[in-house]
Amino acid sequence: MAFPTETVYGLGANALDAQAARGIFEAKDRPANDPLIVHLATPDELARVTREVPSTTQRLTELFWPGPLTLVLPRSLRVPSIVTAGGDTVAVRVPAHPVALALIREAGVPVAAPSANRFGQLSPTRAEDVLADLEGRIDLILDAGMTSVGVESTVLSLVMSQPTILRPGGVSREALEAVLGSIRLSTHRVSADEKAAPSPGTLAHHYAPQARVVFYCGPRTEMLARMRQAALELHQQGKRVGVLLADNDRAYFSGLPLILRTVGAQDNLEGIAQRLFSTLRALDDAGVEVILARDFGVEGLGLAIRDRLTRAAGGQVTVVSD
Ligand code: TXA
Ligand code: MG
């Protein structure tokens with residue numbers, strides 16, 4: 001069953017039932033080496049799925065749960081190994097969404113749920129995105145409109161020698177560092193055919209739309225000038241070109257034969273994160289062959305936005321200097 005969380009829609013099943021969890025992998029075409037996040041209704045239920053949690057756990061759960069923070073902790077043997085992809089750790093969070101919480105409470109068990117998309121595709125932020133990916137493969141979608149955060153949870157490992165962000169997401173690195181001091185950011189990127197990733201969501205090519213994505217970083221003016229030039233060259237080669245922009249970037253591209261989609265004001269990172277995946281989907285739906293996307297920095301949610309766009313671009317970043 002697909003259900004909304006504050007980040008993206010999830011595809012849920014009883015986390016303590018191996019057979020139920022297997023159904024998730026099948027519906028998503030998800031490889032068995034990619035573990036699932038276990039969702040709880042309250043932090044008190046942590047003991048049902050973990051053992052010997054480090055002392056920092058409680059401070060983090062008090063501050064950030066319910067919310068878009070997933071903690072990787074030592075796993076209880078009650079959690080079937082299919083959920084943890086055979087590993088000794090389990091990823092856990094309490095989502096901040098009334099429908100998700102009601103569902104978990106009603107189920108009476110922890111709910112394992114990855115994002116409700118086919119493996120490697122963009123995560124769904126609306127019920128219709130789930131339908132587009134999984135129609136005929138799942139029995140039910142709980143529709144609560146568009147999700148508010150729009151990018152997935154931050155995955156923070158507490159089982160390594162230093163707390164490590166395995167995936168930047170809805171809780172910013174700065175917010176975590178205010179509590180924990182300096183945190184490592186896993187920069188591990190593996191190609192799609194490499195088998196053993198520490199957190200397989202770190203596959204370089206993940207969260208990808210159908211169109212090829214070219215991702216640009218650099219000072220705004222130079223970055224936009226380079227994107228404009230590249231867009232025109234691609235258009236001249238006969239390509240249908242889409243551009244993902246902030247509202248105030250439009251002037252750089254107006255009057256050109258390009259398909260422009262904006263994600264909001266460039267300093268409103270919450271709004272950009274919320275609209276990021278649906279805007280990439282909209283560009284796909286418009287039938288573009290190439291999407292040129294701009295960076296929004298690394299502050300706050302900027303880091304998660306950059307991470308998703310880098311992956312959508314297959315790990316290739318065009319760095320523009322001034
Ligand atoms: O916001 C979210 O996290 C959403 C909603 C539905 O909660 N879920 C989500 O799940 O994005 P999924 O399966 O698409 O991504 C889970 C990420 C993957 O990168 C996976 O490799 C990582 O968490 N992960 C899960 N269990 C892990 C573990 N035991 N150790 C390290 N990484 C783990
Ligand atoms: Mg996913």
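Predicted model: local features only at pLDDT ≥ 70, side-chain atom pairs only at ≥ 80, totals over all residues.

Student: Why is β14 called largely enclosed?

Tutor: Because 5 of the 5 residues of β14 are buried, the strand is largely enclosed by the rest of the structure.

Student: How do you know which strands β14 pairs with?

Tutor: Two strands pair if there are at least two bridges between them. β11 and β14 are joined by 5 bridges and run parallel. β12 and β14 have 4 bridges, again in the parallel sense. Both counts meet the cut-off of at least two, so both are pairs. You can find Arg212 opposite Val290 in β14, while Leu244 has Ala293 as its bridge partner in that strand.

Student: What about β11 and β15, what makes them a pair?

Tutor: Here 3 bridges join β11, residues 212–217, to β15, and the strands run parallel. The cut-off is at least two bridges, so this is a pair too. Look for Tyr216, which stands opposite Thr318 in β15.

Student: And what order do the strands take in the sheet?

Tutor: There are 5 strands in an open sheet, ordered β13-β12-β14-β11-β15, with parallel pairing.

Student: Why are β13 and β15 called edge strands?

Tutor: β13 (259–262) and β15 (317–319) each have a single partner strand, so one side of each has no neighbour in the sheet. Going from one strand to the next, the twist averages 25°.

Student: Which helices sit against this sheet?

Tutor: One is α7, residues 269–285, which lies across β12 (241–245), β13 and β14 (290–294) and runs at about 165° to β12. Another is α8, residues 302–312, which packs on the sheet and touches β11, β14 and β15. The direction of α8 makes about 135° with that of β11.

Student: How do you know what Ala313 touches beyond its sequence neighbours?

Tutor: Contact means heavy atoms within 4.5 Å. Leaving aside neighbours within four places in sequence, Ala313 is in contact with Val213 and Phe215. Ala313 and Val213 are 100 residues apart in sequence, but their C-alpha atoms are 4.6 Å apart in space. That 4.6 Å is a C-alpha to C-alpha distance, whereas the contact cut-off concerns heavy atoms.

Student: Over to ligand 1. What makes Arg30, Thr89 and Ser153 polar contacts of ligand 1?

Tutor: The cut-off is a pair of N or O atoms within 3.5 Å. An N or O atom in the Arg30 side chain is 2.8 Å from an oxygen atom of ligand 1. For Ser153, a side-chain N or O atom is 2.5 Å from a ligand 1 oxygen. Thr89 has a polar side-chain atom 3.0 Å from a nitrogen atom of ligand 1. These distances are within 3.5 Å, so each pair passes.

Student: How much of ligand 1 does the protein bury?

Tutor: Ligand 1 exposes 680 Å² when taken alone, and the protein buries 96% of that.

Technical notes. Residues numbered from 1 in each chain as written. Chains lettered and ligands numbered in written order. Heavy atoms only, no water. Axes fitted to C-alpha atoms, helices over the stretch in contact; angles between N-to-C directions. Buried < 20%, exposed > 50% of the residue type's maximum accessible area, 1.4 Å probe, protein only. Polar contact = N/O pair within 3.5 Å; in protein donor to acceptor, adjacent residues only side chain to side chain. Areas by Shrake-Rupley, 256 points an atom, 1.4 Å probe, with all protein chains shown as cover.
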